[in-house]
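Reader: I'd like to learn how to read a structure like this one. Could you walk me through a few features, starting with how a bend in a helix is described?

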Amino acid sequence: MALLPPDQPAADWYSTPRMPRWLPRAMVLAFLLLGLFQLGNWAVHRLLGLFVLVLVSFFVALAMEPAVDRLAGRGMSRGLATGLVFVLLYACVAGFTAALGVLLVHTVSSVVDELPRLLNEAVDWVNRTFHQDFTVAKLRARLTDESSVIGGYAQRAANHAWGLSYTMLGELGRFLTVALFSIYFTVYGPRMRRAVCSWLPSRRQDMILRAWDLAIEKTGGYLYSRGLLAVISAVAHALFLLALGLPNAIELGICFGVIASFVPIVGTYLAGLLPILVALTIHPIDAVWILLFVVLYQVFQDYVLQPRITAHTVDVNPAVALLAVMAGGALHGAIGALLAIPATATLQAFLSLYVKRYEVAEDPRIDRVGRRVREPEKEDPA
């Protein structure tokens, strides 16, 4: 028999508050929700890569849909039109990749063959400029003595080679996934739009279809403008490299135009490395001229060509475009940077349809050009 405290009656002890009956169920529900959250978080992280691939496929389908619609409008079946467009597209991609690989192999082999001569010239220049007495034999002996360092470099190079092979296989799988989904989205585009609209009322259907049309227009316009800029850049750089007398000037110009136009921000500088390496193996001073031409052409493209070409296709403010590319790159690397501009253009055009704008009255304080702006005089209340 339990003993009661001396100062507490039995009736008060039996009326002491106990644990509410809903608390155990609430704790079980909280643990269940926490488990579901952890499971969802794990699933999102595991499926994020697949979601990005599907998003890329959707944008590729949007870019290809105008061409497919044009062929389908001439009587060709949609499946055959999609197959024809995508065969041409991926044939161009495969041909460009193969040509770029051949150029890289040829350039690297040329650099390796010319490396002793370049090293001798570099050592002679250092000796003349800084009054030193370095020789290639001394440098070779020093590298031979530090065999552990060389062994470490070799081991890291082997590891990188294995990792590169694994990465290339992964990229091939991603490429095939994008190809499969983009073909599916293009073939069944009308069916997808009909299925989405069937879940919405008529007013929402119009909004969705308008946004879809804007996405097709802006993504196709972005691809068109990038393609036109790539052609102009390829012709300009090929002519300049031909004037310098570099071998494979036309192929180098084409690779430069495509890489510089379709790789955001750093594409121009990545594309300039290949012709600069070729110039170093033949006439090193030409590398300086190539670098100057690349920088000047990039300025000309950014401030003259690109605003005129994109004015009727992807009309995005340059500062907004740069911010979008940086944000897309920070979110998901090169793919995010590549999709940032058409996504931003689509969002901007869609918002312009529904965001109300007001007329701005003429006021010298807006432009602030030519003279110091005077504040309007206030009337005397008296």
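Author: Happy to. The bend at a residue is the angle between two axes, one fitted to the seven residues ending there and the other to the seven starting there. Keep in mind that this is a predicted model. Here, helix H10 bends by about 45 degrees at Gln301.

Reader: How many residues does H10 have, and how far does H10 reach from its first C-alpha to its last?

Author: H10 covers residues 284-309, which is 26 residues, and spans 35 Å from the first C-alpha to the last. That is close to the 38 Å expected at 1.5 Å a residue.

Reader: Which residues of H10 are buried, and what covers them?

Author: The buried ones are Asp286, Ala287, Ile290, Val294, Tyr297, Gln298, Gln301, Leu305 and Ile309.

Reader: Let's zoom out for a moment. What is the protein chain built from?

Author: Helices: there are 12 of them, and 0 strands. Of the 382 residues in the chain, 26% are buried. As for contacts with a separation of 6 or more, 65% of them involve residues 24 or more positions apart.

Reader: Now the rings. How do I read an aromatic pair?

Author: You describe a pair of aromatic rings by the distance of the centres and the angle of the planes. This structure holds 10 aromatic pairs. One of them joins Phe58 and Phe59, edge-to-face, at 6.3 Å centre to centre with 80 degrees between the planes. Phe58 is partly exposed, with a relative accessible area of 26%, whereas Phe59 is buried at 13%. Another pair, Tyr297 and Phe300, is tilted: 6.2 Å centre to centre and 50 degrees between the planes.

Reader: Why are Tyr297 and Phe300 separated by about one helical turn?

Author: The general idea is that an α-helix has 3.6 residues a turn, so residues three or four places apart point the same way. Tyr297 and Phe300 are 3 residues apart in helix H10, so about one helical turn separates them. Tyr297 counts as buried at 8% relative accessibility, while Phe300 is partly exposed at 40%.

Reader: Which residues form the aromatic cluster?

Author: Phe58, Phe59, Phe181, Tyr184, Phe185, Tyr188 and Trp212 form one cluster. Trp212 also has Arg193 lying over its face, at 5.5 Å from the ring centre.

Reader: I'd like to look at a single residue. Is Thr219 buried or exposed?

Author: Buried means under 20% relative accessible area, and Thr219 has 5% relative accessibility, so it counts as buried. Thr219 lies in helix H7, residues 202-244. A polar atom of the Thr219 side chain lies 2.7 Å from the backbone oxygen of Ala215. Leaving aside neighbours within four places in sequence, Thr219 is in contact with Phe59, Leu62, Ala63 and Pro342. Phe59 is also a member of the aromatic cluster.

Reader: Where does Asn248 lie, and how accessible is Asn248?

Author: Asn248 lies in the loop between H7 and H8. At 33% relative accessibility, Asn248 counts as partly exposed.

Notes. Residues numbered from 1 in each chain as written. Predicted model: local features only at pLDDT ≥ 70, side-chain atom pairs only at ≥ 80, totals over all residues. Heavy atoms only, no water. Helix = DSSP H or I, 4+ residues; strand = E, 2+ residues; numbered from the N terminus. Buried < 20%, exposed > 50% of the residue type's maximum accessible area, 1.4 Å probe, protein only. Polar contact = N/O pair within 3.5 Å; in protein donor to acceptor, adjacent residues only side chain to side chain. Contact = heavy atoms within 4.5 Å. Expected span 1.5 Å × (residues − 1). Phe/Tyr/Trp six-rings, centres within 6.5 Å; stacked < 30°, edge-to-face > 60°. Lys NZ or Arg CZ within 6 Å of the ring centre and 35° of its normal.
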